[in-house]
Amino acid sequence: MANIKEMNFIKDKIKICEKCSLHLSRNNTVPGEGNINSKIVFVGEGPGADEDSSGRPFVGRAGKLLDVMFKDWAKIDRNQIFITNIVKCRPPKNRVPSDEEMNSCGHFLEAQLIQIKPKIIVTLGSTSMKYLTNKTKITESRGKFYDWYSGIKIFPTFHPSYLLRNPSMQKGTPRWYSWLDMRAIGIMIKALNNDKNVEDIVKAVTKIMKDSGGI
Ligand code: URA
């Protein structure tokens, strides 16, 4: 079980952080939110304008699509899982965070993950995938599992912002692959909540993904 005091301590540290220049233009820090005992954690890139003004992750246009992806594709409730980002302050004009910014903020994500102890980390988009796995091609790497530390698996999928720019749901499109990924994530959450072994889940989900043409 994550320690709520420790999670609040991390949140407080994020709030006063001035380690990189992103603090100069922020209105609010966006530490992340959700179920701190979730067995799956979602990691995006960094806050946008709506997140910066509310202090909450994924509440803008991409967040609205992510809500649909949770509810209709994965058949899960957003409150069941924890969502955060690599950087906790908005990069100006929503640019991709620099390596320096990600490296100076990354210890907060690590501290959150040490507390939550998820079994699976879902990376949303290529920035968080690259940061955590060193993989560079999301079209090749999504829908598959990669090892992180302590037996934790990483499962990359597309960022909802990318799906907003690619609205087709036809077979073989990013949205279609994303739908398969989210359906698999729904299966993973149910299995993890039933205390199934993560290695067995990886095997079962990989087979489902292969059989459905997802990978
Ligand atoms: N995009 C992200 O990567 N994170 C957010 O919180 C919002 C948009």
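Which helices each supply at least two residues of the lining of the largest cavity? They are helix 2 (22-25) and helix 5 (99-116), where a helix is a DSSP run of H or I with at least four residues, numbered from the N terminus. Before going further, note that this is a predicted model, in which local features need pLDDT of at least 70, side-chain atom pairs count only at pLDDT 80 or more, and totals for chains, interfaces and linings use all residues. Residues are numbered from 1 along each chain as its sequence is written, and side-chain values use heavy atoms, without hydrogens and water.

A cavity here is a set of points, on a 1 Å grid over the protein atoms alone, where a 1.4 Å probe fits but cannot get out; its lining residues have an atom within 4 Å of a point. The structure holds one cavity of 30 Å³ or more, and the largest cavity contains about 80 Å³ of space, a volume being the space filled by probe spheres set on the points. Helix 5 gives the largest share of the lining, three residues. Among the lining residues are Cys 17, Cys 20, Cys 89 and Cys 105.

With those cysteines in view, how many disulfides does a search of the whole structure find? It finds zero, a disulfide being a pair of cysteine sulfur atoms within 2.5 Å. The sulfur of Cys 17 is too far for a bond, because the closest cysteine sulfur, in Cys 105, is 6.3 Å away. For Cys 20, the closest cysteine sulfur is in Cys 89, at 6.4 Å, again too far for a bond. Cys 17 is buried (under 20% relative accessible area, with a 1.4 Å probe and protein chains only), at 17%, and Cys 20 is buried at 18%.

Key:
Buried means under 20% relative accessible area, exposed over 50%, partly exposed in between (1.4 Å probe, protein chains only). On a 1 Å grid over the protein atoms alone, a cavity is a set of points where a 1.4 Å probe fits but cannot get out, and a pocket is an open set with protein on both sides within 12 Å along at least five of seven lines; lining residues have an atom within 4 Å of a point.
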